[in-house]
Amino acid sequence: MIYSANPEFSPFGSDIKRIIMRLPQPYREELAIVRRNVASAAAVLDWPQIIDAARPWVTAVRDNPPPFWAMESLLKEYPISKPEGLALMRLAEALLRVPDSATAIALTADQLGRANFDGTGDGMMSRLSNSVIGLSKKTLPEADHPSGLFGKLGAKTVVAATVRAVQLLAKQFVLGQTIEEALAEAKSQRKESDYLRFSFDMLGEGARTMEDADRYFASYEHAIKNLAKAHAASPTQGPEDSDGISIKLSALHPRYEDAQRDRVMNELVPRVWQLCEMAAAAQINLTIDAEEVDRLELSLDVFEALLKQVQAKCPQWRGFGLALQAYQTRCLELIEHVGALARQYNVRLMCRLVKGAYWDSEIKRAQEMGLPAYPVFTHKQHSDSSYLACAASLLKQKDVFFPQFATHNAGTIAAIFQMAKQFDAPFELQRLHGMGTGVYREIFRSGSGSGNREKSTQTVRIYAPVGSHGDLLAYLVRRLLENGANSSFVHQLSDDTVDIDELLATPLTVAETTDLPLPKDILLPRVNSAGVDLTVESMRAPLLAAYASVQVAHPADASAQQAADAMRTAHAAFTAWRDVPVANRAMMLRRAADAMQAELPRFCALLVKEALKTWGDAVSEVREAIDFLRYYADEAERICAPIKLPGPTGEDNVLRLHGRGVWVCISPWNFPLAIFMGQVAAALVTGNAVVAKPAEQTPAVAIEAVSLLHAAGVPVDALQVITGLGETVGAALVAHEKVAGVVFTGSTQVAKIIQRSLANKDGPIVPLIAETGGINAMLVDSTALPEHVADGVVQSAFRSAGQRCSALRLLCLHEEVADKVIHMLHGAAKELTVGATQHLATDVGPLIDSDAFAGISAHVERLNSVGAALPRPDSGATGRG
Amino acid sequence: MDAATHTIGPHIFEIGSIADVKQEIFGPVLQIVRWSGDPHAVIDQINALGYGLTLGIQTRIDSRAESLAHRARVGNVYVNRNIIGAVVGVQPFGGEGLSGTGPKAGGPFYLPRFCGEQTITINTVAAGGNVTLLMA
Ligand SMILES: Cc1cc2nc3c(=O)[nH]c(=O)nc-3n(C[C@H](O)[C@H](O)[C@H](O)COP(=O)(O)OP(=O)(O)OC[C@H]3O[C@@H](n4cnc5c(N)ncnc54)[C@H](O)[C@@H]3O)c2cc1C
């Protein structure tokens, strides 16, 4: 792994300082942006004319539907919204990678068992379904319980046939298994039209290890060499007229992330530059694919570094460019920025405009992170209008852009033709291999939609995945989803019940309402805590500023006498606090939650400084504390309301809950704010007085949390904090006669000591709530995606330096995939940055103190001696620090 | 490893069997075992460790995920994702066995444990008679 070297505080740890963001922050209110986009697109478009141009295309496609094997036809028969379509998608995602037949049978049976494949349509796929998939349903054993030998033999045949069906599906989307094959296929397709171009995409998941990145690099390099060779036959052609390549930066570096910016600039940029140099020498188009929103700023840093090189070393190259996603609310500003860069470095770019392929995951991410708004539009028509406004912007900047419009939407295409004519700007269209075939067939046949029927001279570039069918899976599922989504043009085109007027309806309108709640509203009626995207300068700056100023207090340990006094004081305050109406107690918690939200930066900084949390962990923890406060406020009001019970006439029966007395809350250092706050808030809001003892390593943040609650109205006597060692103060609190309950999070061993101490006491039997450790396991079978497993394992086992009670300790791998996954895990773990947590780049921070360090070191030594005896697939890296 | 800063990088060990794991190691140390055959037997061995906090299951076989989760005696099961970062009110957190007493923090059964309960029964006919019944 990488040890971060610079002990000084510097978030990027190097001289490449990024002070400003290139673009507006991504989480802005949507409607204002939509209004601007609609206005600017409406100013240059005549929609009725667009409908006139596109109508003949879509009518022709409907009259003469694409071949039975095309995705559109298939999804018409098995829509993703139905169990059959879903089963198909899920089989397509997993089946081809399963190495062992027993698991393949279980998977197939499981998925087919849910679906009804006895379709009645004709065509090959449904025939396949009737004969193969339909049959398999009848012969397959119940999912995980293969019955006897006969059943198994039958099942194997069925699985083999299903595998073939999925391969058939896959074949539609790959142009060739190798670049050589793909080039040959491209050549043969070009015989039908001189105006066909290709951009090859080398398939695979993003790199998790340097080895992955090396492999992808080699495959891009090999592809570009072959493209150069092919292009050498017609050297006078520019990049507009020859085949090119598309690359994904996430494939070329295992840590292509904003927090690892130094490494990205130092390690990734030179690699990409090598590919660029080759593409420049061959005068072909090289496009950097667009990926997730949180990588956009970083991708622009990389892009600018490359542009600088282009200007210096091959200023004549006109084939460089990147993909721009119109579904991002920042796309118009992005185009302005990229245009400005192109002018600054005097390079003409080829830029692909797409709507964007990760819509669902961007929405999920924003919700999970509690972001202020979505970074992408939340209405399909808003993405469409953004696309058109962006297209106009690209077409207007002829000096620096050769725009490449990637879309399968007939309305969008007709609008492009209209605008391009108006601005008299050259451009090309792009489609994905295996998609949009019908619409593009009609465009080629009819010309640019201006009514003339002569053959089109418009160039179309096909984005053509190259690779084995096994590597296609993730891509294939994206395409299935894209084609299957109800809002998708391809989907609606194949659905005869969607009227053509509706299909081509203008997107230049504003949808004022949405079914998609903002991230803060997904838990309504409770407000979700607001998070921070650390890749956004304006959001992380307050955190870093707070770090510079925050002080960690070091309170003196309390004595046993002080502990006893606190118990007595709390006990005296109990009755009055119990009698405060629950609504008021709940309100105080909510008030504290709001205050903590407002002070999130300071609390994060405190956690980083005192508890050695990474910034990401700190943000999550403060959010958790806020959530606890609001959740328990709601819960208390729910459970403390009197419950009327049934009974005989002449009698009223009511059940009521009330506080028990003084609770002792003992919390650990690993979540010194969230667990502390959770325990305290729960006890308080139900009407108990509290004496809380934070871990001796982390008292400062707890004291701050308590002052927040006091400021919110909780009486000082009803909530007291006592700092010090568990063995002394903790033990004194637990043993005190006034204890009405103990809530403890920590080790199993200490929980037992507390339990015994409570049992030994005279007086009432005192309840104990204990949350202790775990030997947490993860079971992985051979249907799982190794890259996905590696992500989950690395996060679960190593994040927070493994100092979470939920952390993964024991990974159980199916033997068929164990070697591969272990190898990948070693490679991925090697890429983690270990060091001081104030650096944004740090993934694995220190252990909490020297005792912990000594303890874990001893375990590592022991395992080294035991583990050494076992056969290991990658002994070089096993067990190495 | 760096004793001065207390940092230990990620460590990965392969061990012979699940039963070899005797104790929780509260740091960046991962142990790996291989299995074959029936995954339910693996869950039984995990249960036998006596803890029961979190469990990850990575499979595309939905019925398998369901039945393994059902068999596992753990508080928080995560399918096809990481196993950390439980969210309040969304994934109430806490386990059983050596992992704790429950109730789960951030869940609907947490607060009642902090409370005493009282029923009040009032004989409404003491003063005179059963007005409700007679007036109905
Ligand atoms: C040649 C080519 C290259 C590509 N390269 C990339 C790339 O580098 N990066 C990338 O991300 N994608 C890329 N794509 C994929 C591309 O984003 C999708 O194919 C495209 O969005 C489909 O748009 P459409 O106009 O064909 O279909 P349409 O059906 O008109 O549009 C579908 C799109 O609308 C958007 N959308 C759907 N629902 C909503 C909603 N509720 N709210 C807001 N927006 C919504 C989504 O972006 C969705 O993909 C590429 C596509 C092509 C053809």
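In the predicted model, 51 residue pairs are in polar contact across the interface of chain A and chain B, counting pairs with both residues at pLDDT 80 or more. Helix H32 of chain A, residues 850-867, gives the most to the side of chain A that touches chain B. Its share is ten residues. By class, this side of chain A holds 60 nonpolar, 36 polar and 27 charged residues.

Five salt bridges are counted between the two chains. In a salt bridge between B:Arg60 and A:Glu93, the side chains meet at 2.7 Å, N to O.

In total, 123 residues of chain A contact 92 residues of chain B. The area buried between the chains is about 9,300 Å². Carbon and sulfur atoms give 63% of that area. Three residues, A:Ile775, A:Leu779 and A:Arg809, supply 9% of the area that chain A buries against chain B.

Nonpolar side chains in soluble globular proteins tend to be buried together. The largest nonpolar core in the model comprises 118 residues. A:Phe200, A:Leu286, A:Phe320 and A:Leu353 have the most contacts inside this core. Helix H11 of chain A, residues 261-281, gives the most to the core, with ten residues.

Leaving aside residues up to four places away in sequence, A:Phe320 touches A:Cys276, A:Leu286, A:Ile288, A:Phe303, A:Leu306, A:Leu307, A:Val310, A:Arg348, A:Leu349 and A:Met350. Another core, of 84 residues, lies apart from the largest one. Its members include A:Met539, A:Leu709, A:Val714 and A:Val743.

Note on methods. Residues are numbered from 1 along each chain as its sequence is written. Chains are lettered from A and ligands numbered from 1 in the order in which they are written. This is a predicted model: local features need pLDDT of at least 70, side-chain atom pairs count only at pLDDT 80 or more; totals for chains, interfaces and linings use all residues. Side-chain values use heavy atoms; hydrogens and water are left out. A nonpolar core is a set of buried Ala, Val, Leu, Ile, Met, Phe, Trp, Tyr and Cys residues joined through side-chain atoms within 4.5 Å. Buried means under 20% relative accessible area, exposed over 50%, partly exposed in between (1.4 Å probe, protein chains only). Helices (H or I, at least four residues) and strands (E, at least two) are DSSP runs, numbered from the N terminus. Contact means heavy atoms within 4.5 Å. Buried area is the accessible area (1.4 Å probe) that two parts lose on being put together, summed over both. A salt bridge is a side-chain nitrogen of Lys or Arg within 4 Å of a carboxyl oxygen of Asp or Glu. A polar contact is a pair of N or O atoms within 3.5 Å; within protein, one must be able to donate a hydrogen and the other to accept it, and residues adjacent in sequence count only if both atoms are side-chain atoms. Ala, Val, Leu, Ile, Met, Phe, Trp, Tyr, Cys and Pro count as nonpolar, Asp, Glu, Lys and Arg as charged, and the others, Gly among them, as polar.
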